Structure formats: structure tokens, C-alpha cells
Amino acid sequence: MKQFLALFPRSIRFGCGSFSLLEKEGVPGSRVMIVTGGSSMKKNGYIGAAAKALKKHGKDVFTYDRVKPELPADNVDEAAAFAAKNRVDSFIGMGGGSAIDCAKAVSGIYKGSKKSRDYLDGKAGIKGRKAFFAAIPSTAGTGSEVTKNAVLTYPEKNNKLSIRGDCLVPDAVIADPEITASMPREITAYSGMDALSHAVESYFSVSANEYTRQLSALSCRLIMENLEAAFENGRDLKARENMLLASVTAGLAFSTAGLGAVHGIGHAVGAVSGLGHGLVNAILLPYVIDFNSAAVRPLLKRLENEAGGKIADRIRRMNKKFGIPARLSLARPGLNEKSGLVIESLSYSGSMAYNPVKMDRKKAEKLLMEAL
């Protein structure tokens, strides 16, 4: 087996009711910043409850609730300025992947003089210990609550890139399925398919190993068995619990193994089209599985035995049930005309480098045109 490095949060509190244990985390410092998108978490009382628990322990609490979907780089810079102004010393990201990624990125850069683009361009790096950071996800999909990277949209490059560093792995995670029960059906589907893309791509990654494949296979099986139930009945807490476990498990897998062409192409598609990450991944995933199938045939058969059936066919059936179109251009009319911009924006390092079929412009263009 190849050498590998696995990074874990210091603590993961998982299960229904675990949100109430926030105060047991012993959040350090005296000035805590809650980072959120300002919608469902606030409406359902979780932001207020977190602030109350922190204030009970003598913390000053500052809430930044302007995180935008698909997290633009400027959004991170604004949040970092807010943190610096208020002399924050601990962070809690509450919400979907964008909120958690924003808090994660800010915790690593807010004390420095560099902007987020400096890190994305490789002109600066995350060094040394960052501020304390806890993640409380409201969706079951991104896995950001257990990873070391924050994904940002870089508009000038028509792509999504990551700020990353080993010290950005969250110190604490509170994964409470009851929080995810407030997700609308559409977000349940998109985030669930995002988690599935993490499970499948990390399974076939060229950097995968038996440790990560066990996690990936477990996540894939949990999603296949529970996503439709969670979609049909948002209050099905058993399905919600299994989906959140799948999200966390897939996050642990891909944080070590890497991903593949779904994310390598999908990040550029999302940046150019404005389509949500989970939706793009759901559409691309069966095309990429078919594209890679000859190169991973024994592994594919093994995963399908564990997950219970032909994965690409099952994904297409689930997408149809969830109202997810079969092609990208059906989700965003006119995207065909921007295919050249997508191709020009692709990077062949990062996620693309882990794809089991070595990718180049010709192969990426073939894949994209099939999915359009």
C-alpha cells in the first residue's frame, strides 16, 4: 500500500441532538465569529441558540451572515475584514458548504495582509496554526466539515479554486441530522448527489487505497439506500442521519484520496454557468463513470456489488426522480455557446489529476460535449 496522510478533526460529535453539545467543546478565546448564509440556520433558531450558548460562557459573539452561494473570493475578503475589525479569535461555520468554507478560509487568512486571491494564485500559503474553527453543517453533501480545503469561485478565471492547508481541518465538528431536516427537497437532492460524487470519485481516484475505499464504499451504499427516502420525507430522521454520515464519511475519504473529472470539469462549469455545485455534479457523474469504466472495470464491479447495482444507471434514475436534467444545457440554456470558455478555464492539476483516466484538453472536451 502507498504511503498516505489522513487528517481528522479533533472531535466529531455526531447524532440527533448533538447540536446542544456545542458548549461542551470549550471554544477558546473571548471573541467568537459565527459565519453563515443568513437563511435557514437563522430562521430555524440555530444561530440564536449557538450565540446564546457561547454568551453563557462569557464570549462576545459576532455574526457574519452574508455568505453567498458558490462562495465568491470577494465574499471571503469581506468576511476576513469583518473578523479583523472585531478582533475575533475563534470561528464557527454554520450552514451549507459555502458557509463552512468561508469560515474555514477566513480562520486561516484573516490575521495576514494577503487577500484570498493571493492564496488561490499560489502567491501566499497557509502556514502555522490558525484560529480555532468549528463546523456545524446544515446539509448532507459537501463534506467540508472534515476537510482541509475551502473552495472559492474565482470569477476572473471562470473556475473554482481552493485555499488549503493541513491546519485548516476543523478543530471540532457538530453533525446533527436534525439540523438537516429543514433542507428543502431540491437541496436534499443536490447535496446528496454531491456527496455521492465524492464517494464515487474518491473510490476510483489514483490516490485511493484500501482505507479510503472502505470509507467511499460505505458512503456510496448509505446514499443509495437513503437519499430517495430523505427526498420524499424530509422528517425521516433515520434517512437524514444516514445521509449526514455518508457526507462526513465521503469527506474523510476524498480529503485523503482526492476526486476526479467530475469536480475538475464541474468547477469550471459552475463558475461559467452559475449553476450550483451539487446540480452540476449530479449531471456530470454518470457521464464520467461511463468515460472511466474501461480503466476501472474490476473496481467498478466491486463497488457495484457493495452498493447494490449499476451505479451510472441508478444515478440517472435518481436524477430523473429528483427533477435533475440529463444534460447541462437543459439546466442552463445557452451553455453550449460557452463550452469553449469552460474548456479554456480547466485546470489539469487539482481534482483532475486524480482521475483514473489521465485527462487532457481533448478528453475533457469530449466529456463536456457529451454532457452538454
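**Charge pairs and their surroundings**

Colleague: What is the relative accessible area of K321?

Modeller: Buried means under 20% relative accessible area, exposed over 50%, and partly exposed in between, with a 1.4 Å probe and protein chains only. K321 is partly exposed, because its relative accessible area is 38%.

Colleague: What kind of model is this, and which pLDDT do side-chain atom pairs need?

Modeller: Residues are numbered from 1 along each chain as its sequence is written, and side-chain values use heavy atoms, with hydrogens and water left out. This is a predicted model, in which local features need pLDDT of at least 70 and totals for chains, interfaces and linings use all residues, while side-chain atom pairs count only at pLDDT 80 or more.

Colleague: How many salt bridges does a search of the whole structure find?

Modeller: Side chains of opposite charge can pair when their charged atoms come close. A salt bridge here is a side-chain nitrogen of Lys or Arg within 4 Å of a carboxyl oxygen of Asp or Glu. Searched over the whole structure, the number of salt bridges is 24.

Colleague: How many residues apart are E228 and its salt-bridge partner K321?

Modeller: The closest N and O atoms of E228 and K321 are 3.4 Å apart, and the pair forms a salt bridge. E228 is in helix α8 (residues 210–232) and K321 in helix α13 (residues 311–322), so this pair links distant parts of the chain. Helices (H or I, at least four residues) and strands (E, at least two) are DSSP runs, numbered from the N terminus.

Colleague: Which residues are linked with K321 in a network of salt bridges?

Modeller: The pair of E228 and K321 is a salt bridge. A network of salt bridges links K321 with E228, E232 and R314.

Colleague: Which residue forms a salt bridge with K148?

Modeller: K148 is partly exposed, at 23% relative accessible area. The closest N and O atoms of the pair are 3.2 Å apart, and the partner of K148 is D166.

**A buried glutamate**

Colleague: How far from E201 is the nearest side chain of opposite charge?

Modeller: E201 sits in helix α7 (residues 185–204). Lys and Arg count as positive and Asp and Glu as negative, with His and the chain ends not counted. E201 is buried yet has no salt bridge, and the distance to the nearest side chain of opposite charge, R164, is 12 Å.

Colleague: Which residue has its backbone nitrogen 2.9 Å from a polar atom of the E201 side chain?

Modeller: Contact means heavy atoms within 4.5 Å. Apart from neighbours within four places in sequence, the contacts of E201 include G258, H263, V288 and N355. The backbone nitrogen lying 2.9 Å from a polar atom of the E201 side chain belongs to V262.

**Other positions**

Colleague: What is the relative accessibility of T188?

Modeller: T188 is also found in helix α7. Leaving out residues up to four places away in sequence, T188 touches M183, L227, A230, F231 and R240. T188 counts as buried, because its relative accessibility is 3%.

Colleague: Which residues is N226 in contact with, leaving aside its neighbours within four places in sequence?

Modeller: N226 has its place in helix α8. N226 counts as buried because its relative accessibility is 9%. With the neighbours within four places set aside, N226 is in contact with K238, A239, N242 and M243.

Colleague: What is the value of phi near for L71?

Modeller: L71 is found in the loop between β3 and α3. L71 is buried, because its relative accessible area is 0%. Phi of L71 is positive, in a residue other than glycine, and is near 30°.

Colleague: What separates the C-alpha atoms of P69 and G274?

Modeller: P69 is found in the loop between β3 (60–64) and α3 (73–85). P69 is exposed, because its relative accessible area is 68%. P69 and G274 are 205 residues apart along the chain, and their C-alpha atoms are separated by 9.6 Å.

Notes. Polar contact = N/O pair within 3.5 Å; in protein donor to acceptor, adjacent residues only side chain to side chain.
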